[in-house]
Amino acid sequence: MKCRDAITTGISHLAQNGLRAGLSILGILIGIASVLCMMAIGDGAKLLVADQVDKLGGANQFQFTTRYSIIRRGRRVWTKERFNLGDAHAIEAACPGVLYVLPKNERYRMLITNRQGRETRAFLEGVTADYATGMQWHIQEGRFLTENDIDHALQVCVLGSEAATDLFGIDSPLGREVKVRYYWRQVPIRFRVVGVMMPRGLNLRWGWSLDNAMAIPITT
């Protein structure tokens, strides 16, 4: 049978059973479209997860977190053991293959104000000089914390882009003063702004902005 005859025969059968042929073709189209959509969604999810991991320092890391309490025999028991800078230095000394050891002490939604009365509630992150490099967080203006800031526990800070905008709008915050209140009745502590970080966007896992943050020396 010639190819032309085969095509003619096929078309004649489709014409005789139009409804069945139309439903079959529709089913094939829906199946192909479904597979393509699932593949696109999967690829998009992979890119989204990879982007989130990059925002938080990349995939080649793991974290130790202090547990403030444990459940023992059905009761909550508060723990006293804490990680400290000595532990970080010990890991650096014992593990030369580790690129960065990044100790961090953070507090959620601290009240930060400036002289003009503007305020924001941001993450307060006590970190070391390697934090920005290790977490792939780049400077937009000014500088990040230095070893001198850490060694002398200086009262300097670096603002995330959102926190900087909340406090100073479009003005440069470099050299300006902000005050942080750790607890409601505590006297505010003054910090001088030395840098502003590039925007990083939202943390999709927790639903808050990574740019609403303020980094200070962990020793301070």
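This is a predicted model: local features need pLDDT of at least 70, side-chain atom pairs count only at pLDDT 80 or more; totals for chains, interfaces and linings use all residues.
Arginine 143 is partly exposed, with a relative accessible area of 31%. In this presentation, buried means under 20% relative accessible area, exposed means over 50%, and partly exposed lies in between, for a 1.4 Å probe and protein chains only. The partner of arginine 143 in a salt bridge is aspartate 149, and their closest N and O atoms are 2.8 Å apart. By a salt bridge I mean a side-chain nitrogen of Lys or Arg within 4 Å of a carboxyl oxygen of Asp or Glu. Aspartate 149 is buried, at a relative accessible area of 2%.

Residues are numbered from 1 along each chain as its sequence is written, and side-chain values use heavy atoms, with hydrogens and water left out.

Let me turn to the whole protein. Its secondary structure comes to 6 helices and 11 strands; helices (H or I, at least four residues) and strands (E, at least two) are DSSP runs, numbered from the N terminus. Of the 220 residues in the protein, 28% are buried. The protein exposes about 15,200 Å², and carbon and sulfur atoms supply 59% of that area. Accessible areas come from the Shrake-Rupley method with a 1.4 Å probe, and for residues only the protein chains shown count as cover.

How many salt bridges does a search of the whole structure find? The search finds 5. In general terms, side chains of opposite charge can pair when their charged atoms come close.

One of these pairs is arginine 115 with glutamate 177, at 3.2 Å from N to O. Arginine 115 lies in the loop between β3 (105–114) and β4 (119–127), and glutamate 177 lies in strand β7 (residues 177–181), so the pair ties together parts that are 62 residues apart in sequence. Arginine 115 is exposed at 62%, whereas glutamate 177 is partly exposed at 22%.

Another pair is lysine 104 with glutamate 106, whose side chains meet at 3.4 Å, N to O. Lysine 104 has 37% relative accessibility and counts as partly exposed; glutamate 106, at 38%, also counts as partly exposed.

Which residues do salt bridges with shared partners join into one network? They are Lys104, Glu106 and Glu125. Glutamate 125 is located in strand β4 and is buried, with a relative accessible area of 7%.

Finally, I come to the surroundings of β4. Since 7 of its 9 residues are buried, β4 is largely enclosed by the rest of the structure. Two strands pair if DSSP finds at least two bridges between them. Strands β3 and β4 run antiparallel and are joined by 7 bridges, with asparagine 105 standing opposite glycine 126 in β4. These two strands form a hairpin with 4 residues between them, and glycine 117 in the turn has a positive phi of about 90°. Strand β4 is also joined to strand β11 (residues 213–217) by 5 bridges, and here the strands run parallel. In β11, methionine 214 is the bridge partner of leucine 124.
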